[in-house]
Amino acid sequence: MTTPHPNPKRWLVLLAVMLAFLPVVLDMTILHVAVPSLTQALSASSTEVLWIIDIYPLLMAGLLVPMGTLSDRVGNRRILLSGLVVFAAASAFAAFAQSPAQLIAARVVLALGGAMIMPCVLGLIRKTFEDPGERAMALGLWGTVGAAGAAMGPVIGGALLEHFWWGSVFLINVPVMLVVAPACFLLLPRAERMTPGPWPLAQALLLIAGMIAVVYGIKAGFGAKHPPVVTTALLAGGAALLAIFVRQQLRAAAPMLDLSLLSRPAIVAGLMMALVASGALAGVELTLAQELQYVLGKTPLEAGLFMVPIMAAAAVGGPVAGWLSNRFGLRLVAALSLAMAALSLLFLAHQDFHAPGWHVPATLALLGLTLSIGLTASSIAIMGAVEAEKGGAAGSLEATGYELGTGLGITVFGVFMASTFAGAIEIPADLPSDLADAASRSIGDVYIVAAGLSKDQGAALIAAGKAAFSQTHAVLLTSAAAVIMALAAAVWIALSGYRQSTDAMHH
């Protein structure tokens, strides 16, 4: 097998796709610190808030695989450039939304744009870097941009909210896109290897509908107080649609999603890591952002800065993971980093954030570092186990793991948070029952209800809300630690045969 000459512009191509990827990731976390101000400005209910945050990663999770396979058919460059345009337009629309419903609609279009961009980025990296060593480095740098973007999200969001209204967190994407789109237009290679064959729209719609029904069923079952009949129907319907989709894929001569990829243990392990680690990261950030603003009374900017250690360390994790896994083997690096992430969460669960000292920021940094090493390890596992022409498909599988992890992480944390909070809060006795019900939904609702009460009543209610939320965060972080520890064990088992197969590929 002759190695093709490496593309002389390959590092510039990497730069262009990383720039394209930045706003997509910013948009996942920039909203976390904006939630309190946005909730009050649009007077959104806690369910509406969850939808505003969640519709983006959830819809993206359904769209990524179809868009990844479409870009393998039509060309990554074309889909990527179209995605940038859609994303910029949706950002402008979101910035000026007048109601929760309009904002949710704008986030739907943002998800479409993001889903066009994400798989193309991974697909282009896989096609541009043939050498495994260079590819691990490129994926590490890509992971850094992902982590740094997610990290910058809360800080940029906080800084914008100090000076402007909540819509500015979306408007910021427009000037960014005006720089990125021309750069990608000029740098990305016009000639690409593409997968022949038509793109099955019906299969794409099946997959999207199935994913969203299942995830919405999970949300409805836990969070909103829907009757069990509705939840069961949604889950059963979604599962049936996904089953039909799988059956079509297994029978089709040219399937949209190559399900044989899932027979490779490294890919399954990589997907599990992507799912759980990104879910834990998103859930922990959301919990912390609310704890810092509602309980400790920090401004959005202060909350963003408090979370910098997680993100700054996560940005280092990418390249470090590439180096460590080349040195010590992927299996050890992946399992150990996840186990350490679990221990840091356990430690944070029992800390008092009022007097953080130096050990809270240090532990936050350790958490960010270890989770991001775990995430990059998942990337290396998945991308190292596929051929170049399947790069888009594997990339979209991995990105689906991230998005689904983020969406489910926020849902499960949000729902778990709501039920733990409702159980923990001791509502002052003199509060009318309808207001008591409203206040026990979430800490955000406590503030909305308290605003309409007399000064003393309001203060008593807020004090009760703060006490309950501190209990809630301890329960949440402890549970997350347990899940990640279990994952570390599962990854250690799943990657047991990994070393031999990679050595065989290099020789």
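Predicted model: local features only at pLDDT ≥ 70, side-chain atom pairs only at ≥ 80, totals over all residues.
User: Is alanine 365 buried, partly exposed or exposed, and which helix holds it?

Analyst: Residues are numbered from 1 along each chain as its sequence is written, and side-chain values use heavy atoms, with hydrogens and water left out. Alanine 365 is found in helix H14, helices being DSSP runs of H or I of at least four residues and strands runs of E of at least two, numbered from the N terminus. Buried means under 20% relative accessible area, exposed over 50% and partly exposed in between, with a 1.4 Å probe and protein chains only, so at 23% alanine 365 counts as partly exposed.

User: Which residues does alanine 365 contact, leaving aside neighbours within four places in sequence?

Analyst: A contact means heavy atoms within 4.5 Å. With the neighbours within four places set aside, the contacts of alanine 365 are Pro309, Ile310 and Ala313.

User: Where does glutamine 351 sit, and which residues does glutamine 351 touch beyond four places in sequence?

Analyst: Glutamine 351 lies in the loop between helix H13 (330–349) and helix H14 (359–384). Because its relative accessibility is 18%, glutamine 351 counts as buried. Its C-alpha atom is 8.5 Å from that of alanine 474, 123 residues away along the chain. Not counting residues up to four places away, glutamine 351 touches His359, Val360 and His473.

User: How are H12 and H13 oriented, and which residues make the contact?

Analyst: The axes of helix H12 (residues 308–328) and H13 come within 7 Å and cross at roughly 130°; axes are lines fitted to C-alpha atoms, for helices over the stretch in contact, with angles from 0 to 180 degrees between N-to-C directions. Angles under 35 degrees count as roughly parallel, over 145 as roughly antiparallel, 65 to 115 as roughly perpendicular and the rest as oblique, so H12 is oblique to H13. The contact joins Leu324, Ser325 and Phe328 of H12 to Leu330, Leu332 and Val333 of H13.

User: How is H17 oriented to H18?

Analyst: In H17, Ile443, Val446, Tyr447, Val449 and Ala450 meet Gly458, Leu461, Ile462, Gly465, Lys466 and Phe469 in H18. The axes of H17 and helix H18 (residues 455–494) come within 9 Å and cross at roughly 175°. That angle makes H17 and H18 roughly antiparallel.

User: What lies over the face of tryptophan 492, and at what distance from the ring centre?

Analyst: A charge sits over a ring if NZ of Lys or CZ of Arg is within 6 Å of the ring centre and within 35 degrees of the ring normal. Over the face of tryptophan 492, at 3.6 Å from the ring centre, lies arginine 331.

User: How many helices and strands are in the protein?

Analyst: Of the 507 residues of the protein, 57% count as buried. Among contacts between residues at least 6 apart in sequence, 81% join residues at least 24 apart. The tally is 19 helices and 0 strands.
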